[in-house]
Amino acid sequence: KPGEWRLWRDLGDLQIRLKDWDEAGASYRKAIELEPVNPTLKMSLGNLTLKRFDDQLLTLKEALKAQPGDAAAKARLSQVEKERLAFSLEEFARRAKDLPTDPSVRYDYGEALFRSAKTREAISEFQFSVKDPKRKVPSLLRLGECFKREGQMDLSAKQFEKALEDLATMNDTRKSALYALGDVYEKQARLEDAKKTWGELYEADINFKDVSKRLELLNTKIKG
């Protein structure tokens, strides 16, 4: 029947909310069978697996909180994290292939590549997603981290500087960008620029990460 796939999709959405993972998977697969050309259904099935991983991780983290010395739980947590990362890389690569012009999909694929230490491949994805106004700032921040990993400090600083131009409010994102830019400046031996950047952060939030200690050490270095 026309539109029947929507009923199966909606049923899958409901079953996910109930954490009925197996039944939700069956519902999404039925929807895909009825509407195989719809890429969002495959995305729903992929999201189901990611949510299932996240539920496992939450359970394991809560168990470790209760018993920090549980070696088996630690090992299982590490294993599930690796499995989730491997799946997300495969899933987002498929999405990027199916929807190559969707900046949101390309950004998510870049994130998976970044977390998998595939830095150069991630740069390509973020350079695409940065063209989308909604993804501009997070893409610039990731590009800054990527170029930093690659040892290209000039390019890294430029990305953080561009991101800060669009971050007028002193929120956690701006604080993180200031911290990262100060770190790059210090690595470039641009000590006065690092001091100014970290000084702005210090003035707004003295307890942000270790900015207080790093600014103190930087001042000592500048004084010689």
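## Salt bridges

The count comes to 21 salt bridges. The model is a predicted one. Side chains of opposite charge can pair when their charged atoms come close.

Aspartate 54 pairs with arginine 84, with the closest N and O atoms 2.6 Å apart. Aspartate 54 is partly exposed, at 35% relative accessibility. Arginine 84 is also partly exposed, at 25%.

## A pair within α4

Glutamate 91 and arginine 95 form a salt bridge, their closest N and O atoms lying 2.8 Å apart. Both residues belong to helix α4 and are four residues apart, about one turn of the helix. Glutamate 91 is buried, and arginine 95 is buried too.

## Helices α6 and α7

Helix α6 (residues 119-129) and helix α7 (residues 136-149) have axes that come within 9 Å and cross at roughly 155 degrees. Angles over 145 degrees count as roughly antiparallel, so α6 and α7 are roughly antiparallel to each other. The crossing is left-handed.

Glutamate 150 meets arginine 120 in a salt bridge (2.9 Å, N to O). Arginine 120 is in helix α6, while glutamate 150 is in the loop between α7 and α8 (153-165), 30 residues apart. Glutamate 150 is partly exposed at 27% relative accessibility. Arginine 120 is exposed at 63%.

One network of salt bridges with shared partners joins Lys148, Asp183, Glu186, Lys187, Arg214 and Lys221.

## A nonpolar patch

Leu11, Leu14 and Leu18 make a nonpolar surface patch of about 270 Å². Leucine 14 lies in helix α1 (residues 4-17). Its relative accessible area is 38%, partly exposed.

Notes. Residues are numbered from 1 along each chain as its sequence is written. This is a predicted model: local features need pLDDT of at least 70, side-chain atom pairs count only at pLDDT 80 or more; totals for chains, interfaces and linings use all residues. Side-chain values use heavy atoms; hydrogens and water are left out. Patches are made of residues with over 30% relative accessible area and no salt bridge: like charges are joined within 9 Å, nonpolar side chains (Val, Leu, Ile, Met, Phe, Trp, Tyr) within 5 Å. Accessible areas come from the Shrake-Rupley method with a 1.4 Å probe; for residues, only the protein chains shown count as cover. A salt bridge is a side-chain nitrogen of Lys or Arg within 4 Å of a carboxyl oxygen of Asp or Glu. Helices (H or I, at least four residues) and strands (E, at least two) are DSSP runs, numbered from the N terminus. Buried means under 20% relative accessible area, exposed over 50%, partly exposed in between (1.4 Å probe, protein chains only). Axes are lines fitted to C-alpha atoms, for helices over the stretch in contact, and angles run from 0 to 180 degrees between N-to-C directions. Angles under 35 degrees count as roughly parallel, over 145 as roughly antiparallel, 65 to 115 as roughly perpendicular and the rest as oblique. A crossing is left-handed if the near helix is turned anticlockwise from the far one by less than a right angle, and right-handed if clockwise.
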